Amino acid sequence: MRVTKKLLHASFVAVVATTALALSACAPQDATTSGAATAGGGPADVTVGVVTSETGPLASYGKQYLDGFKAGLDYATDGSNEVNGTKITVDYRDDAGDPDTAVGVAKELIGQGVNILAGSASSGVAAAVAEQAGQNKVLFISGPAAADALTGVNPYTFRSGRQSAQDVATAGTFLGDLQGKTVTVFAQNNAFGKGNEAAVTAILGAKGATVNSVLVAEDVTEFTPFAQQVLAAKPDLVFVAWAGATSGAMWQSMSQQGVLDAVPVVTGLGDSATFGAYGAASEKIKFLNYYFPGAPDNEVNTKMSDAVTKAGGTPDLFTPDGFNAALMVVQAVKAGKGDVEAMVKSLENFTFQGPKGSLTVRAGDHALIQDMYQVKLVANGGSFTPELVDTVPADQVAPAKK
């Protein structure tokens, strides 16, 4: 059912690196081929530079994105990799999760005439590539990177996934009306934790909630006193933003001290590699979620899942980001005919059917407006399986306009 008034970050949980799929890169080409054009006036060949993590700490996210991108391009072009006579060639590049590497690759691609870039699992990488896109006036469609700062950063940057503000707003839907309610942020005392504290204060605070925090030093291994601090605050909701090797011990302490029984505790559900990270606390936690394969029920999601599985992959958290990016690339090439300003205009207010259903690119700042999910983990033999609790409508969790 859909949430009414009742009712960060896949990055809130530890990243589990996997072996990245080796991808053969296409030979670099100019955005047009020998000045040739189609009968419709567009270029005969357009090269898209896909820059994301094939290696490095976010390789697993990069692989999910790439699996989705390939499936999406095949879907959107009926297997031809052509739109209105224009051939779409993809030049895949590995940024290894490093902004400097990504900038070097982006500059090289732009120098070769590429005017469409896509990818970025890391927010730091995405910010660096977005800067290059703005300076050089090329189209950039960011992927799993969730940093809110990417939204509206310049006229040339779009995103094919969700952003942190949508995660935080989804957490608030577990309380419904936030007016007069107290939300406690339980997080690590680092940039990640403080960023989430600021986001909860800005987003849920604006809806009437009082926000306080229990911040824990990164080197702490005994969490009992901090769990007791959470109970002493008597919150109506606890928002947990945690990552790293201490996650298991933290959740165990929260469970043993009765926090999970006393108050609703919400955190982000990451990719399938993290489903076992919560231990005995798994079935007591309320999860906000961007995507898992069983959440949406529509033809596009089925086709994406079938294509990725057939190719030897596994649909996961960031697979839709790649799929959506391919659909956006095809729209831009079809409508813009290789002209960057026309491609940008064609994506603004673009509404399309993706794996999650209907998505809309907001014209003013290029936020991607979409549904989010409330999810629970259910014991399944020796593991846990996500189950959909509710779908949160896109307009209830849309980021504030910039």
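In what order do the strands of the open sheet of seven strands stand? The order is 8-7-9-10-11-15-16, and the pairing is mixed; strands are taken as paired if DSSP finds at least two bridges between them. Strand 8 (210-216) and strand 16 (383-392) form the edges, and each has a single partner strand, so one side of each lacks a neighbour in the sheet. On average, neighbouring strands of this sheet are turned by 30 degrees against each other, direction ignored. Angles run from 0 to 180 degrees between N-to-C directions, and axes are lines fitted to C-alpha atoms, for helices over the stretch in contact.

The model is a predicted one, in which local features need pLDDT of at least 70 and side-chain atom pairs count only at pLDDT 80 or more, whereas totals for chains, interfaces and linings use all residues. Residues are numbered from 1 along each chain as its sequence is written, and side-chain values use heavy atoms, with hydrogens and water left out. Helices (H or I, at least four residues) and strands (E, at least two) are DSSP runs numbered from the N terminus.

The sheet may be followed strand by strand. Strand 9 (residues 237-241) pairs with strand 10 in the parallel sense over two bridges, and Phe239 has Val266 of strand 10 as its bridge partner. Strand 10 (residues 265-268) directs Val265 and Thr267 one way and Val266 and Gly268 the other way, and all are buried, buried being under 20% relative accessible area, exposed over 50% and partly exposed in between (1.4 Å probe, protein chains only). Strand 10 also pairs in the parallel sense with strand 11 (residues 286-289), over three bridges; here Thr267 stands opposite Phe287 of strand 11. Strand 11 and strand 15 (residues 372-380) run antiparallel and are joined by three bridges. Leu288 has Gln374 in strand 15 as its bridge partner.

Helices pack on this sheet. Helix 4 (residues 164-172) touches strand 9, strand 10, strand 11, strand 15 and strand 16, and its direction makes about 70 degrees with that of strand 15. Contact here means heavy atoms within 4.5 Å. Helix 5 (residues 191-203) also packs on the sheet, where it touches strand 7 (182-188), strand 8 and strand 9, and its direction makes about 165 degrees with that of strand 7.

Packing between helices comes next. Two packed helices are described by the angle between their axes and the distance between the axes. Helix 2 (residues 99-111) and helix 3 (residues 123-136) have axes that come within 8 Å and cross at roughly 30 degrees. The two helices are therefore roughly parallel to each other; angles under 35 degrees count as roughly parallel, over 145 as roughly antiparallel, 65 to 115 as roughly perpendicular and the rest as oblique. From helix 2, Pro99, Ala102, Val103, Lys107 and Ile110 meet Gly124, Val125, Ala128, Val129, Gln132 and Asn136 of helix 3. By class, this contact of helix 2 with helix 3 has seven nonpolar, three polar and one charged residues, where Ala, Val, Leu, Ile, Met, Phe, Trp, Tyr, Cys and Pro count as nonpolar, Asp, Glu, Lys and Arg as charged, and the others, Gly among them, as polar.

Helix 9 (residues 299-310) and helix 10 (residues 319-336) pack at about 105 degrees, with their axes 11 Å apart. Helix 9 is therefore roughly perpendicular to helix 10. Val300, Met304 and Val308 of helix 9 meet Thr319, Pro320 and Phe323 of helix 10, a contact with five nonpolar, one polar and no charged residues by class.

Tyr75, in helix 1, leads back to this pair of helices. Neighbours within four places in sequence aside, Tyr75 is in contact with Val300, Lys303, Phe323 and Leu327. Tyr75 and Ala326 lie 251 residues apart in sequence, yet their C-alpha atoms are 8.9 Å apart. Tyr75 counts as partly exposed because its relative accessibility is 32%.

Asn81 lies in the loop between helix 1 (59-76) and strand 2 (82-83). Asn81 is partly exposed, at a relative accessible area of 25%, and its contacts beyond four places in sequence are Leu73, Thr86, Lys87 and Ile88.
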